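User: I would like to go through some of the terms used for this structure and see what each of them rests on.
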Amino acid sequence: MSRPKDAMNRLRDPEALSFWQRTYVPEILRGLKLTAAHFFRNLLIHIFHLAGLWKDRRGAETVQYPEEVRGYSPRLRSLHRLTKRDDGSPRCVACMMCETICPARCIYIVATEHPDPNIEKRPASFDIDLGKCVFCGFCVEVCPEDAIRMDTHILNFAAYSRQEMVWDINRLLSNEPQRVEGIGEIRKVK
Amino acid sequence: MPTLTIDGQQVTVSKGATIMQAAEALGIYIPRYCYHPGLRVAGSCRMCLVEIEKAPKLDIACYRQAAEGMVVHTTTEPVKLARQSILEFLLSNHPLDCPVCDQSGECDLQNFYMEFGLYQSRFLENKIKRRKAFPIGRHVMLDNERCILCSRCVRFCEEVSRSHELGIVNRGDRSEIALREGSQLDNEYSGNVIDICPVGALTEREFRFQCRVWYLNRAASVCPGCSRGCNIELHYNVNRPHQSGGKRVLRLKPRFNAEVNKWWMCDEGRYGFEFIDAPSRLQDFEIRTAQRTVVASREQAVQTLSDWIGDSIDRHGSQSLGIFLSPKLSNEDLYGIGKFARHVGIDCLDFRNPSERPGYQDDFLIQADKNPNTRGCLELGLYRRSEDSGGWMAGEIQRGKVRVLIVFLQDLALAPEFQQVLGRLERLVFVGSNRNGTAEIASLVVPSATYAEKDGSFTNFEGRAQRFERAVVPLGSAVAEADLVASVAVSFGMQREEFERERLLSDLRREYPFFDQEALNPPELEWVYQTPIGQERL
Amino acid sequence: MLEWAVAAGKVAFSLFVLLNFVMVLTWAERKQSALMQDRIGANRASILGFTLLGLFHPIADAIKMVTKEDFVPQGASRALHTLAPFIALFFALISFAVIPLGDELAVGGCTISLQVIDLNVGILYVFAAMSLGVYGFVLAGWASGNNFSLLGALRASSQMISYEITIGATVVGLIMVFGTASLQTLVRRQGDLLLGFLPGWGVFYQPLGFLLFTTAAMAETKRAPFDLPEGESEIIGYFTEYSGIKFGMFLMTDFTETVVMAGLVVTLFFGGWQFPYLQPDGFHFPGAAVVSISPLAVSIAQVMTFLVKLAVFCWLFLLVRWTFPRFRYDQLMRLGWQMMLPLSILNVLVTGALLLLLHR
Ligand code: SF4
Ligand code: SF4
Ligand code: SF4
Ligand code: SF4
Ligand code: FES
């Protein structure tokens, strides 16, 4: 292996390549050696796995979602939920801050009168079109009432039609927050 | 004629002018709450404090008269500190409901706080609770917690509407706005207090929660509610249609015009825009025979109308055609129709609906004639001078002379003279924006654009021609009247270009010197009450 | 009559071998690349819950390809657009015909050559088929009515033509050594020992020829690092406007070419079906030890030998494909014309000189 500095110099000046490097052949063989080594090592591990051995060594670095999931970070922005007052009604006062800040313009709120003049305003409907949402989290950031959060850790909400991707106020209210544990740990899911 | 210096600029003002007015003349904006150019000075909010050299302390610009040699500073540190302190004081009992407050986005408390606020609150005390969100009149909601006691609303009821409903009761931090015992705020001009209230204490019941103001777009317009022709702004929402349930025009606000309506408009006009998005709007061309009604395309309808007109002229001469105009049409539309009528030789024209009675009138703005453009019709001569009402046309129909009648907007079916005879017509054509009795029996219905959906001008009772701009696109297949006439006129050998809006206006100004007025130059939007709502983002 | 039956049987057998290799290669490509990159690879397609290491994926792919919309862009020539993939795949498939899978098999008195057809110009036949295959790609790019596809097709044709010259020139050396252009004969002659112990494979006679040929063969398959004609997602290739099974046929062409090229390398340089020291009647080890085996077993061993060698080279091709990044086009051309072609001509000259010296 050449020292990094040499390598950099040679990148800058192709003429600085040695004769063998310019024939490609030894360099190509070195490359092939590296990838082939990975190939055989992983092949071996997988064969051992099939035989029930070496279970603690991973043959692949990838996480096998959905059989395996990692513990999500508290910073993760997952499916939205609307938080509730003590009586179960939405905290949201339909101030439209989230609708205004939303860069994807995917929040649709219709405001109406709240019977209690001290609350005054509430959403008659509150739709988020997740098909358009870019999960920037601005809506959470901007909400003056802490009425919307993205801490449900729900990530699999794909649907078969565009209409189903629109979550209305009832679905959003029914989402619950998820406790954060074992950040980054790979867990098997049954 | 004192000459003074404000922020380094010299200005000469008339005697008795205040520093505020002098600053205004220089284009320097001094923050204010209680001062309103249309009301007497109260000097109660202290927001307008400025530094005057050689004066012992800051003084209020809205009250202090300009004097010779005065040197005024509006941006120095003491002034900023004063503004900050005033704002802190105003907020001491303010609920900060901005999330639910309809004013937010056009609130002077918000705007000035953004610029001069303290941000780091020093308050530990509890705020005083007051009554929130209750109606005090047909159109107005009051929230006592949000009120900053600037007394603009009180002075308005004293000086402008002179109805004296509002007052300030109690003292110190208990004082609040209250209705006079046993009264309601429902004078003819009550909506204006909403405009002048610098905060969200007085809000509009009709507009409540319909749309956040920063989603609104504005267009300069003229109120079609009566022949005063108050200058207005149309505020419409096409950005977030779901918020207002698809309604587009959401509110009207007066636009300052020193000669016509100053800063004000009446409630009747202010809430008279419902018809623009009403369910009664006509949206399709309809051709009706004895058996059934079919929806037609614009081309079909125009063809049908041209055929009927041509056919009637061929068989009975142009005397057999009648046109019943409306004083709600714009000058341009009227002129275009008149031009076409002249071309094909129709002289059976009128616009005066015999069933119309003069309405309520007062000595301020409201006029008895509820049509915006009666004067325009008169100046264009689109009526029979020998008669004093349009009823004569019923006689022509009765005698079988008029066989095809084209009615614009008017509901002739309401007039007893016409009720009898409309059935005798071979063809009745109705052109209008909303469905009415005449539309029900017409053999051809043409949906037309309202004043919010086209450019044009009205002439008010004093003879002032004023332009309005288009805010939204015509609903459904609605067309402006002049455009309809243009489509028909091409089959009679006229050029379509003759009916283009700007061309109509310039021809009109040339042909009728009466209409060659300054006011017909394009209108400009100016925000009088609050600092402009930001629309750049939307 | 019997001849015909035998011929049909041979065609079927050879196609069977080829197509199965192609199918397995589509799976192997994904699995092998996954292993090389510390991934798992395709493992979702399942039948009754069995995934079998993802072996069902080629089947799932086939179903997907067939059921997808067959799209012909506006402005494309419909007939030529449809014809192109057939041409490409057809010529790739038929070039396998001259590659011998084994020596002669004696069954019930008649001897069957384990090769579809033994042409005495076998190697030229392969080149001819390959050159004709280029029409498929050019046509695809041209008939798509898309300028970018056309550019891709032009890249494809110039690349393939450039490297075919090298291929041809390197093979000349081999033909000179073995004195034949028939592939079967070539393989038989590689059964002789070199220096008494080394199998007489082409690679030992022509090491430089082997390197050049393998490189050029990879370029012929149009796969990384020589995938400029296709440029799967970045530079637009000649089959951009293809979808469904027509696109699938182009993919198959690539894999078929890989198998054919691997077969050629094996045949030309690695003794084809020759198992070291295995003669038609058994093993003849150096030092005169002889183990005799029945002729049928020998034939089977030969076919297996060929298949194993073929598999190894397919693996090697995949390894290369997943190791190296793509050349730039000027580098590609420089490599082809300025390095490989002169070297291959040098190879011919040196071989000729040596042959002259040795035979004097
Ligand atoms: S996460 Fe971003 S894009 Fe999605 S709803 Fe919230 S603001 Fe809109
Ligand atoms: S920002 Fe919060 S309170 Fe305002 S509308 Fe959105 S969710 Fe409701
Ligand atoms: S009046 Fe202004 S500051 Fe007060 S709640 Fe309303 S918007 Fe906010
Ligand atoms: S209600 Fe509005 S206008 Fe009236 S005193 Fe209060 S803040 Fe001023
Ligand atoms: S504006 Fe001058 S005191 Fe209120």
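User: What joins strand 12 of chain B to strand 13 of chain B, and how do they run?

Analyst: This is a predicted model, in which local features need pLDDT of at least 70, side-chain atom pairs count only at pLDDT 80 or more, and totals for chains, interfaces and linings use all residues. Residues are numbered from 1 along each chain as its sequence is written, chains are lettered from A and ligands numbered from 1 in the order in which they are written, and side-chain values use heavy atoms, with hydrogens and water left out. Strand 12 (residues 231-236) of chain B is joined to strand 13 of chain B by five bridges, and the two run antiparallel. Strands pair if DSSP finds at least two bridges between them, so the five bridges here qualify as pairing. One of the bridges links Tyr236(B) to Val249(B) in strand 13 of chain B.

User: What makes strand 11 and strand 13 of chain B edge strands?

Analyst: The open sheet has three strands in the order 11-12-13 (chain B), with antiparallel pairing. Strand 11 (217-222) and strand 13 (249-254) of chain B each pair on one side only, and they are the edge strands. Strands here are DSSP runs (E, at least two residues), as helices are (H or I, at least four), numbered from the N terminus.

User: Why are helix 3 and helix 4 of chain C called roughly antiparallel?

Analyst: The axes of helix 3 (residues 78-94) of chain C and helix 4 of chain C cross at roughly 160 degrees and come within 8 Å. Axes are lines fitted to C-alpha atoms, for helices over the stretch in contact, and angles run from 0 to 180 degrees between N-to-C directions. Angles under 35 degrees count as roughly parallel, over 145 as roughly antiparallel, 65 to 115 as roughly perpendicular and the rest as oblique; helix 3 and helix 4 of chain C are therefore roughly antiparallel to each other.

User: How do you know what classes of residue make up the contact of helix 3 with helix 4 of chain C?

Analyst: Contact means heavy atoms within 4.5 Å, and the residues that meet include Leu80(C) and Phe91(C) in helix 3 of chain C and Tyr125(C) and Trp142(C) in helix 4 of chain C. Ala, Val, Leu, Ile, Met, Phe, Trp, Tyr, Cys and Pro count as nonpolar, Asp, Glu, Lys and Arg as charged, and the others, Gly among them, as polar. By these classes the contact has 16 nonpolar, three polar and no charged residues.
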